[in-house]
Each structure stands twice: as structure tokens, then as C-alpha cells.
Amino acid sequence: MFDIFNGKNETSLILQAIKREANKDKSYRIMEICGTHTMTIARYGIRSLLPDNVELISGPGCPVCVTDQNDIDSYIGLTADHSVTVATFGDMMKLKDKSGCSLSDARADGADIAVVYSPLDILEKAEKNRRQKYVFIGVGFETTAPMSAALLKAADAAGLDNIYLIPLAKTMPRVIELILSDKEIRIDGFLCPGNLSVITGTSMFEAIANKGKAAVVAGFEAADILSSVLMIIRQVNSGEFKVQNNYMRACSPEGNK
């Protein structure tokens, strides 16, 4: 439809189409459910470029931000045991328990906390120090859940029994189901996460269309977002709702089997 790598001219054409096709007698409430989409929207000031009747709403796209308080309390509580090393991605370090303590605070007080780029980074540590317990905080959506599984599979293959997982992964279909079931939230369409769809496939968003809402899987360039908004507007105007893949350069209906 559009060459998203064609720069400002292409973006301008998409904006013109949005302004032309957004019916002034309607309002369009569109929710992005990916933190990276939220960052792109903010970085390029996309909200300010859209007509007043096209509203972008940020959904629960960050798995860290929607981690339950009781789970935060539990894993921070583990840091009091010096036979335990808590391993985590860096974005979990600042979450605070009910007392106001974070993993960063606990590390400053002497707790053994390992910030990793990949769960598999834990394997070498656990191999060298078999008396220490290594607990990985497995937070994320479907994109990061496979890495937690890979850690356990690799630990089993290596005969390591000192690696543990706190499974805090969320599933995007359940999140969407909760949003759609809330009668106080009116959403006309969803910008669906492209990175998630690379793993799961685009078919996982069929439930959105079945509920009479537009669903467009979007990439992460500004023009990706804008052209996806245009596709949602067109679905709402036509009343024909479906899942559209606007990130075909990276994902497919069946995902990465």
C-alpha cells in the first residue's frame, strides 16, 4: 500500500488520506497494545498530527508495568536469602515492593542480583557455582516466554538442578479479552504488536475482529503506525472487521513454528 521507507513525502500522503477518510461525524478510538508502538507514537508526536476525532489510547503493552504487586513482593523477598541469586532483565530493577524496596535497593544492600541480556547467560554462572540457587524472573509476553523455556531446557540438558524460574509471562489474548469485556471501555480498533506476531502469527488476533473491532498488525516506523491507523479507519467506516497484516515484511498468519 505504502512504501514506509520513502520518508516524509510518504508520511505526508498517509496523513492526507487519514484526514480525508476520517468521517467528521464519527470518532475513532484506537488502542495500541505494544510498548514499542507507544514509544514511536510519542517520539514522532503522532497524536498531534491526527485529526481531533482520531484518538490513540495506550493499552497495557508493557509486561513489567502490569506485573502484580504480590509477585513483586515475592521475588524481592528472595533477595534476603544469600544462597539465592536473582537473575532478571534490567527493566525489573526499579519496581518496588510494598515496603518501597526495589531490586536496585536490595543490590545496594548486598543482595546477589544478576542483570542478564538473555536467560541463557545464567547457565555458565550456575555451572561454576552449583551450591548457589539461580532464580530467573520470567516476565514478558509471548515474545520472551520462549527464552524462559529455552533456559529450563538447557539447564536440564546440562544436568543443572540449581536453576529456577518464576513464570510471570502474560498472554496477549487474555489481555485483549479483558479489555473487550469491559463495558466502560469503548475501543474501535487495535494496533496489534508486530514483534509479538512474528512469534505467534497474526491469527491470534481473530478474536478482536469477531467482537466487531478492527485489528491491524503494525510495524514500528512512524509510517507503519500511520498507515495502520488509516486501515483501522477504513474498517470502521465500512463496518467490515478483520485482521489485517501491515507488517508482512516480518510476520505471517502462522507465526514462527
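What follows is a short chat about the predicted model shown above.

Visitor: What kind of model is this, and how are residues numbered?
Guide: It is a predicted model, in which local features need pLDDT of at least 70 and side-chain atom pairs count only at pLDDT 80 or more, while totals for chains, interfaces and linings use all residues. Residues are numbered from 1 along each chain as its sequence is written, and side-chain values use heavy atoms, with hydrogens and water left out.

Visitor: How many helices and strands?
Guide: The protein chain has 11 helices and nine strands. These are DSSP runs numbered from the N terminus: H or I of at least four residues for helices, E of at least two for strands.

Visitor: What share of the residues is buried?
Guide: Of the 257 residues in the protein chain, 46% are buried. Buried means under 20% relative accessible area, exposed over 50%, and partly exposed in between, with a 1.4 Å probe and protein chains only.

Visitor: Which residues have the most contacts inside the largest nonpolar core?
Guide: Ile18, Ile46, Leu50, Val54 and Val229, in a core of 26 residues. Such a core is a set of buried Ala, Val, Leu, Ile, Met, Phe, Trp, Tyr and Cys residues joined through side-chain atoms within 4.5 Å.

Visitor: Which element gives the most to it?
Guide: Helix α11 does, with 10 residues.

Visitor: And what does Ile18 touch?
Guide: Leaving out residues up to four places away in sequence, Ile18 touches Leu50, Pro51, Leu226, Val229, Leu230 and Ile233. Contact means heavy atoms within 4.5 Å.

Visitor: Switching to α8. Which of its residues are buried?
Guide: In α8, residues 172–181, the buried ones are Met172, Val175, Ile176 and Ile179. Seen down the helix axis they fall within an arc of 95°, so they line one face of α8. The arc is that of the directions from the helix axis to the C-beta atoms.

Visitor: Why would a spacing of three or four matter?
Guide: An α-helix has 3.6 residues a turn, so residues three or four places apart point the same way.

Visitor: What do the buried residues of α8 pack against?
Guide: They pack against β1, β7 (189–193), α9 (194–200) and α10 (206–210).

Visitor: Last one, Phe241. Where is it?
Guide: Phe241 sits in the loop between α11 and β9 (243–246). Phe241 is partly exposed, with a relative accessible area of 28%. Its contacts, not counting residues up to four places away in sequence, include Asp188, Ala209 and Gln235.
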